[in-house]
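Colleague: I'd like to learn how to read a model like this one. Could you walk me through some features, one at a time?

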Amino acid sequence: MTTYQHAEPPRPKARRRVWLWIVLAIAVLTLLAAALFAWDAVQIQRSASALETEAAAAKTAVTNRDADALQTQVAALSESAHTFASATSGPHWWVANHLPWVKNQTLPLHQAGVSVLAVTDDALTPLAQMDNLSALQAPAIENGRIDPHLFDPYADTLAESAAVFERENAALAAIDPTTAVARVRDPFLELRDQFADLGELVSGANVAAQVFPSMLGADGARTYLVMVQNNAEPRTTGGIAGAVLEVRVDDGALALVKYVSAASMVDTDGIDVPLTPDEDNIFGERMQIYPQDVNFTPEYPRSATLLAGFWKNEFGEDVDGVISLDPVALGYMLDGMDPVTVGTLEITGPTLAQVMLNESYFAYPEPADQDAFFAQASGVLFGVLMEGATSAIDGTERAIDEHRFMVWSAHADEQELLAPTRIAGSFLQRTGTVGIFLNDGSGSKIGYYIAQDTSVVNHMCSNGTLSGQTLTVTLTHTFDGDVASLPWYISGGGVYVPEGEFHANVLLYPPNGEGSDKNHRGRGAA
């Protein structure tokens, strides 16, 4: 016979005890987490303020190439970074980073802690241990030569530091802080901007260390074109390519080969460099006919490619690259030089742009005489620059900051390295940037008298996201004299537009996602 035995149901008291222990455990864990976060908050508050101050000071030290100051700041920054990083990590942070809304506050703090520690220990500390920070500045010209191997002793350190900045800046950029409270969002964005600036500086030095030997002719002589932009007739990257200098570089030694007026390379049949559909649609065939119009496009590498095509078409010679600067940049680079007299005009660093962009047209009203003056001035000023007695380093860095100095290499491997740097002059790849550009249509040099002011007002949603922008461009004609008294080359002589008037195409490139079409380009006349 089979006997069935029934299990007795759990006793109510035992069940209550189990749930009691669960509730108590949750309460203890909650209190523990609260205590941990409270302690972390104290540590974060204590270190965050110091961190912000020390990070800014470290950035200033790097920007000023002050090795002693950087060593001092890195030591202080390291202590604050370790405190901040330890206060933004741990199991309770891992849990918080996966909770709705809470993670919007904790993820920026956690990533800031990770990135600050990595940048301090693995990027800034090695830089601070270098004997000097000259590798982070523009190279000096000594006796007409730039040392091609100037950066070689620092190459490994620069490469390691640049890699750290690239990794951590990417990690910071991947965090969306717009839904965080202002006390978290604002310091996070400030830190991200500081690291982006530092990363760009170190990355530029790293690229220089890689390309300098070959680009400066250590492995064989190189030939470059220097495109001198004339800002009195505005173009997207500054001004028309009014003059072109051929420069030869052999093991760092620079020599001016010849001066060529861009107008002398005009080809009414068009050079054999096909335009893209966008270029043909927006600008037409002028970019293939007139060297002065190669920079209708805001994409400098494209302008340089076209100018190299004009040179090949005219002289049958390939070049190794194109360097662009304007008289303002050249004035920066020659600041401190003794006055020189070219023809009937005296030139100093501070007056160089004014002389080249305006006074020369009064002194030499005829184009042939102007070309002769510019050719003579180019030779004289190049010679002064090669002496190395001016503030060429500071001037070059200022010109780079103002996008007045750009470099393109015809060698694919070098151009790939240059492309992300500030001197590359690439714009169309910067999809998050709004661009407003002018292309003068007056056929004159009246643009010298046009003052431009641009403002951008961001319209923000309550959650911190961008809902739209209002852009205002104000052009002010500052010439208040008798237009008839101006040389015809400045006033335009009424050939294309009424004498003395300024007309231009205005190009608007919104950030991707703004407007109905991410590739939209606004165009109008001013």
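Colleague: Let's start with helix H5. Which of its residues are buried?

Modeller: This is a predicted model, so read everything here with that in mind. The buried residues of H5 are Thr-157, Leu-158, Ser-161, Ala-162, Val-164, Phe-165, Glu-168, Asn-169 and Leu-172.

Colleague: Why do they line one face of the helix?

Modeller: The general idea first: an α-helix has 3.6 residues a turn, so residues three or four places apart point the same way. In this case, looking down the axis of H5, the buried residues fall within an arc of 165°, so they line one face. The face turned away from that buried side carries the exposed residues Asp-156 and Glu-166.

Colleague: And what covers the buried residues of H5?

Modeller: The cover includes H4 and helix H6 (182-215).

Colleague: How can I check the length of H5?

Modeller: Count 1.5 Å a residue: the 19 residues of H5, 155-173, should span 27 Å. The C-alpha atoms at its ends are 26 Å apart, which agrees.

Colleague: Now salt bridges. How many does a search of the whole structure find?

Modeller: The search finds 19 salt bridges. In one of them, the side chains of Arg-235 and Asp-293 meet at 2.8 Å, N to O. This pair links distant parts of the chain, 58 residues apart: Arg-235 is in strand S1 (residues 222-235), and Asp-293 is in the loop between helix H8 (286-289) and helix H9 (300-315). Arg-235 counts as buried at 6% relative accessibility, and Asp-293 counts as buried at 2%.

Colleague: Where are Arg-302 and Glu-279 in the chain?

Modeller: Arg-302 is in helix H9 and Glu-279 in helix H7 (residues 277-282), 23 residues apart. Their side chains meet in a salt bridge at 2.7 Å, N to O. Arg-302 is buried at 17% relative accessibility, and Glu-279 is buried at 7%.

Colleague: What about Arg-422 and Asp-401?

Modeller: Their side chains meet in a salt bridge at 2.4 Å, N to O. Arg-422 is in the loop between helix H14 (412-418) and strand S8 (435-440), and Asp-401 is in helix H13 (residues 392-401). Arg-422 is partly exposed at 30%, and Asp-401 counts as partly exposed at 48%. As for networks, salt bridges that share partners join Glu-233, Arg-235, Arg-286, Asp-293 and Lys-445 into one.

Colleague: Last one: which residues make the nonpolar surface patch?

Modeller: Trp-94, Val-95 and Leu-99 make a patch of about 310 Å². Leu-99 lies in the loop between helix H3 (91-96) and helix H4 (102-128), and at 38% relative accessibility Leu-99 counts as partly exposed.

Note on methods
Residues numbered from 1 in each chain as written. Predicted model: local features only at pLDDT ≥ 70, side-chain atom pairs only at ≥ 80, totals over all residues. Heavy atoms only, no water. Patch = residues over 30% accessible without salt bridge, like charges linked within 9 Å, V, L, I, M, F, W, Y side chains within 5 Å. Areas by Shrake-Rupley, 256 points an atom, 1.4 Å probe, with all protein chains shown as cover. Salt bridge = Lys/Arg side-chain N within 4 Å of Asp/Glu carboxyl O. Helix = DSSP H or I, 4+ residues; strand = E, 2+ residues; numbered from the N terminus. Buried < 20%, exposed > 50% of the residue type's maximum accessible area, 1.4 Å probe, protein only. Expected span 1.5 Å × (residues − 1). Arc of directions from axis to C-beta. Contact = heavy atoms within 4.5 Å.
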